[in-house]
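Here is a friendly walk through one chain, with a few stops along the way. Please keep the structure open as you read.

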Amino acid sequence: MADCFKAGTDRYNGVILDADDQNFKSDAEFIEKLKAAIPEWRKIDKRGLWVKVDHKHAGLVPLLSQMGLEFHHAQPGYVMMTMWMSEDLPNYLPEYANQYIGVAGFVVNEKNQLLVIQEQYHTHKRSHWKLPGGHADKGEDLAETAEREVREETGVESEFVSLIAFRHQHNYRFGCSDLYFICLMRPLTQEIKTCPHEIAACKWIDLDDYIADPGVSDANRHFAQCYKDGLKHNGLAIIPSKVLSHDKRVLHNIYSIQAKTRRKSDQALPLPNLASSTEL
């Protein structure tokens, strides 16, 4: 029965099914043949089962659940369900992404003024001045997120300089953890054009006045003090270098302590000739 399915294999010898790739007359037929295929997969040491269900086949979801498949994750357009088929080993299926990536722009101008915002909608009893920022989009580097968020929220164009600090917090949205990166930014423009949909107010404020403001959160005050302390470190900063991935196909950003004077152009290395690449 297993050969009735158009299936892929994951890197751990598991079975990957996309309901949209299968050719069955009804949901009931799909489930019937899946039940028959599972023992066959077990015999050939297939351990994990992944079933991707799109909108068109949403009727499969309760039937798969009754079979014992668990919800792994959902994205717009589909839900992924899994089953650990091995009867001898513990479940080794990897958990879905459980970390958010947040990025803030710490934008300081030549007058030692910091760019700060007040959100239009906030969860605190009173609005407070904070750093512009937001969540990283898929495939977006930290520098790109910081530049985009600063521009979208304040209208100020800025350029990534280095990392100042990052915070790791747990029990964030939907029980996930949150990695929040504070990026030192150099402003390329000064004029503020506040986003009316997200931001209630925006201004440049003297950095020392910001640190002294009792309404500033402890975390933001700490980030500002980290920036001031970093000025004493002889131009050293946490900045990215482009380093090849293990398969030599992608350049990854690796952040380390380096001389802050390195230019972006120094880091923009070309990809190698993939035809001549060998894996590590």
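Is serine 217 buried, partly exposed or exposed? With a relative accessible area of 27%, serine 217 is partly exposed; buried means under 20% relative accessible area, exposed over 50%, and partly exposed in between (1.4 Å probe, protein chains only).

## Ground rules

This is a predicted model, in which local features need pLDDT of at least 70 and side-chain atom pairs count only at pLDDT 80 or more, while totals for chains, interfaces and linings use all residues. Residues are numbered from 1 along each chain as its sequence is written, and side-chain values use heavy atoms, with hydrogens and water left out.

## Where serine 217 sits

Serine 217 belongs to the loop between α4 (207-212) and α5 (218-230). Helices (H or I, at least four residues) and strands (E, at least two) are DSSP runs, numbered from the N terminus. Aspartate 3 is 214 residues from serine 217 along the chain, and their C-alpha atoms are separated by 60 Å.

## Helix α1

Does the length of helix α1 agree or disagree with its number of residues? It agrees: at 1.5 Å a residue, the 17 residues of α1 (residues 27-43) should span 24 Å, and the end C-alpha atoms are 25 Å apart. The expected span is 1.5 Å times one less than the number of residues. At alanine 37, shortly before proline 39, α1 has a kink of about 25 degrees; the bend is the angle between axes fitted to the seven residues ending there and the seven starting there. Just after the helix, aspartate 45 takes a positive phi of about 65 degrees.

Glu29, Phe30, Ile31, Leu34, Ala37, Ile38 and Trp41 are the buried residues of α1. An α-helix has 3.6 residues a turn, so residues three or four places apart point the same way. The cover over the buried residues of α1 includes β2 (15-18), β3 (48-54), α2 (60-67) and β5 (78-84).

## A cluster of rings

There are nine aromatic pairs, where rings of Phe, Tyr and Trp (its six-membered ring) pair if their centres lie within 6.5 Å; planes under 30 degrees apart count as stacked, over 60 as edge-to-face and the rest as tilted. Phenylalanine 5 and phenylalanine 24 make a tilted pair, because their centres are 5.2 Å apart and their planes lie at 50 degrees. Phenylalanine 5 is in the segment before β1 (7-9) and phenylalanine 24 in the loop between β2 and α1, so this pair ties together parts 19 residues apart in sequence.

Phenylalanine 5 also forms an edge-to-face pair with phenylalanine 30, at 5.6 Å centre to centre and 85 degrees between the planes. Since phenylalanine 30 lies in helix α1, this pair links parts that are 25 residues apart in sequence. Phenylalanine 5 is buried at 7% relative accessibility, and phenylalanine 30 is buried at 3%. Ring pairs join Phe5, Phe24, Phe30 and Trp41 into a cluster.

## Threonine 82 in β5

Threonine 82, in strand β5, is buried at 9% relative accessibility. Not counting residues up to four places away in sequence, threonine 82 touches Leu49, Trp50, Gly68, Leu69, Glu70, His72 and Leu93 (contact means heavy atoms within 4.5 Å).

## The cysteines

How many disulfides are there? The count is zero, with a disulfide being a pair of cysteine sulfur atoms within 2.5 Å. For cysteine 183, the nearest cysteine sulfur is that of cysteine 226, 14 Å away. Cysteine 183 is buried, at 0% relative accessibility.
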